[in-house]
Amino acid sequence: MGEILLPLIILCPLVASLVVSVSAGRMGACAIGTVACAGVGLSAVISVILSVMLLSGPATDALRVVLWPWMRIEGFSADIAFTLDRVSMVMILVVTIVGLLIHVYAAGYMRDDPGIARFFGCMTLFVAAMVVLVLASDLLCMFIGWEGVGLCSYLLIGFWYDDPANTAAARKAFYMTRMGDVALLCGLLLLATATGSLRMGTVLAAVTDGQLPPFSVNAAAALILVGALAKSAQIPFQTWLPDAMAGPTPTSALIHAATMVTAGVYLIARLHDLFAMAAPVMAFMAVLGALTLLMGACKALVQSDLKRILAWSTISQLGYMFLALGCGVWQAALFHLMTHAFFKALLFLTAGAVIMRAGHEQDIFRLGGLRHAMPGLTMAFVAGASALAGLPLVTAGFYSKEMILSGVWHVHFGLTREWGLSGHPLWGIALLGAFLTALYIFRCVFIVFCGKAGTRAVGRTSRLMSIPLGCLCVLSLSGGVIEMPDTLPRLHLFSALLDPGVPLSHADEPIWLVLAGAIVPLAGLGVAWVLWGRRVSVMREIPGQAAIIRPARDGRGMDVVYDRVFVQPLCLLVWLTRLDIADHAITGTGRLTRAASAGMFRARAGVVDMLAIRATGMARWADHLPGQFQNGRVRWYAAWIATGLCAGLAMVVLS
Amino acid sequence: MPAFSFNDTLLLATVLFSVGLAGVLVRRDLVFMLMSLDIMLNAAALVFVGAGARWHDATGQVMFVLILALAAVETAVGLAIIVCLHARGRPTLDADTGNLLRG
C-alpha cells in the first residue's frame, strides 16, 4: 500500500505539470488552475494518509521504496530510491499542504494572466522537484530534486520575461545557487569516494562509525554547507533572494515558504549526524546564521518595498534556522521551518493581495490607511506579522523561536580540548534579532495599514484567494502549540514525533529565559508603535536618518564584492578573448605563410622561367651554330676539314 | 746517294701540299681550285715516291701511277662539272656562288 502511494506523491504534481504544460492554449484558466491544484492536492492527501500510517507504527519505522537502480559501477552504486521517515514526513506535509494553499491562491491571482499555463506548469514542477528532494533516500537522487528546484525558481522568477530586470534577477538567482551547487556536488563526490555509496543510511553510518578520516568529514560538511548556504540565501550568497521578488507573488510565497530556500535547512537537518562529527563547521554555521539573521533584520528595517521587506525577513528567519542547526538543535530548526512556512506564505499571499488591490503599488510609503478598505487582509497580515515577530502564546512563531533560543543558550562548542565557545553571545544576537524582527514587521504593518490613507483600494479579494489566507491564518496562529517550553504546559509533540529518544534541549530551562523570549517581541512592537504607529510619527523628526538608510537600503555591498571577484575578471577574460591573441597569431602565421609561399612561387617561377628562356636561347643558338657551318661554300668546308685534320694530328703528335 | 734526302722530299711535299691547300682555300675560281687539288695530290704522290726511294721498294712508283690516274679522273670530273654548270646556265667559275646546299 505505502509502496504504491509513496511514488504517487511525486507523480501527481509531475503529471499535472506535464498536462498543464502540454495543453498550453487549449485549456481555460479555470481548468488549468483546477488541474494544478488537483495534482498538488492529491499529493497532499496522499502525504496525510502516509503520515497517519507512519505515525501508527513505531517511531523508528520508515517507509522505503526503491524504484529502480540508477547506476551500478565498480565501487559505486546509486538508486532512484525514496524514504519516508519522521523528518521527511514533516517536510512533505509542509511542502504539499502549504504548496496546495499557494496553488489555490494562485489560481485566483493569476486568473487573467495570458501565461497561466506556463506558470502552473512551472509551479507544479517546482513542488514535484521539492518532493523529490525531500523524499530521496539517495543523495544523488536528492541532487536531481535540488537542481530541479533551482531550475524552476529560475523559470518562475523570470516569468514576466518582457522586462530585462526580471530576467536579470532570474539569472542572478540561477548563478548564485549554481555556485553553491558546485560546492554541494563536490561534497557529495567526496562522500561517494570515501564510502562508495551515496545512500543516506550508508553514508551516515560510515561517518558515525568513524570510518572516515576527520579531514574528509569536515571538508564534506563544509562543502555541503556552502551548497545549503547558497540555496538558503545566507551570507555571503544572500543577494539573490531580494531580487527574486521579480516573479509573481505566489512564486515568491512558494520559494520562501515551502520549496526553495528551505531545501538547504532540510538537507542539513537530514545529514545532522554528519555535521555532528564536524564541530568547526557547526560553529562556523552557527556564527554565520547569527550574522545573517542580524543583517537580514537590519536590511528589512530600512526597505521601502513591501515584498523586499518580506524577502529580507526570510533571510533573517533562515538565519535563525542555520543558527539552530549550527547549535545542533535541528529539531528546533525544522520546527521553525514549519511555522515559518505557514506565516511567511501567509504574509506573502496577503501582501500580494494588498498590492493587487492597491493598483500594483509596492512602496509602503505610498500605501497607507488600508485597514478601512480591506479589513480582512489587514487581519491576515497582522496575524502573519505577529507570528513572524513571535508575539507570546498566541502565535506559532513564538514557540519555534523560543525552542531555538533555548537551544542556543545551552550550546557549547568544544572546538579543541581546552578552548571552546559558549552559545551565550549567539543567544544575545538572536534575541536582538527577535527585537528587530518585531520592529521591522510592525513598522510595515503600521505604515501600510494605519495612518494616512494613500492609494485607493479597488475591487475585492476573490474567494479563491481568501480561503487559503484563512487556512494559513489559523495555521500560523495555532500551528506552534504542539511544542511548548517546559514552563508552560508540558507538550512536546513535535520533538517526540521526530526523535523520542533524544532528551529535549529545553527541558530544564530557567523561566527568565522564556520570559526574555516573550518580552522582547512585545518590546519591539511597542517601539514600532512609538516610532511609526502614533498619529504623529516620531520617525520623521529623527535627524540624519537618511544618511544611514539610503546606503543600507540598496543592499549593493555584496553585489559589489561579487562584481569585483567574479564579474570583472570574467569581463576581462571576455575582453581578452575578444582580442583573440591566439587567433591573431594563427592568422598572422597564416598570412606570413601565404606571403612566403607566394614569394617562393614567384621566385621559383622566375628561376624556372629564366632557366627555360636561357635554355631555349642556348638551344636556339646551338641549333643555329651548326647551321652556320652548312653555308654551302666548298672552300669553307675544305678549310674545316683541314683544321680538323690539323687538330687531330696535333693531338696525336703532342699527346 | 740520292740527290735528295728523304727529309728534303718530305719538306718539299709539305710545301707543295700547303701551297695546294692554300690555293683551294684562297682562290674562288673553280679551275684554279682543281689545279690546286692536283698540286696537293702531287704532294702526296711525291711522298710515296720518296718513301719508295728510301726503302728501295717499287710499290711507291705503283702508287704514284695510281694517284696520277686518280688525278686525271678527278680533273676530268671537275671540268665536267664546270661544263655542266655552264650548260645549266650558270656562266661563272666562282665557287662561292654555288651554295644552294647551304643549311
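The model is predicted. In chain A, helix α15 (residues 330-357) packs with helix α3 (residues 86-109) and also with helix α16 (residues 375-389).

**Helices α3(A) and α15(A)**

- The axes of α3(A) and α15(A) lie 11 Å apart, at an angle of about 0 degrees.
- Angles under 35 degrees count as roughly parallel, and α3(A) and α15(A) are therefore roughly parallel to each other.
- From α3(A), the contact draws on residues including A:V87, A:V90, A:M91, A:V94 and A:Y109; from α15(A), the residues include A:W330, A:L334, A:F342, A:G352 and A:M356.
- By class, this contact of α3(A) with α15(A) comprises 18 nonpolar residues, one polar residue and no charged residues.

**Helices α15(A) and α16(A)**

- An angle of about 145 degrees separates the directions of α15(A) and α16(A), and their axes are 9 Å apart.
- The crossing of α15(A) past α16(A) is left-handed.
- Among the α15(A) residues in the contact are A:F343, A:L346, A:T350 and A:R357, which meet α16(A) residues including A:L377, A:F381, A:G384 and A:L388.
- The contact of α15(A) with α16(A) contains 13 nonpolar, two polar and one charged residue.

**Chain A and chain B**

- Chain A contributes 10 residues to the contact and chain B contributes 13.
- About 920 Å² is buried between the two chains, with 58% of this area on carbon and sulfur atoms.
- On the chain A side, A:G632, A:R633 and A:R635 lose the most area to chain B, together 54% of what that side buries.
- Zero salt bridges are counted between chain A and chain B.

Key: Residues are numbered from 1 along each chain as its sequence is written. Chains are lettered from A and ligands numbered from 1 in the order in which they are written. This is a predicted model: local features need pLDDT of at least 70, side-chain atom pairs count only at pLDDT 80 or more; totals for chains, interfaces and linings use all residues. Side-chain values use heavy atoms; hydrogens and water are left out. Axes are lines fitted to C-alpha atoms, for helices over the stretch in contact, and angles run from 0 to 180 degrees between N-to-C directions. Helices (H or I, at least four residues) and strands (E, at least two) are DSSP runs, numbered from the N terminus. Angles under 35 degrees count as roughly parallel, over 145 as roughly antiparallel, 65 to 115 as roughly perpendicular and the rest as oblique. Contact means heavy atoms within 4.5 Å. Ala, Val, Leu, Ile, Met, Phe, Trp, Tyr, Cys and Pro count as nonpolar, Asp, Glu, Lys and Arg as charged, and the others, Gly among them, as polar. A crossing is left-handed if the near helix is turned anticlockwise from the far one by less than a right angle, and right-handed if clockwise. Buried area is the accessible area (1.4 Å probe) that two parts lose on being put together, summed over both. A salt bridge is a side-chain nitrogen of Lys or Arg within 4 Å of a carboxyl oxygen of Asp or Glu.
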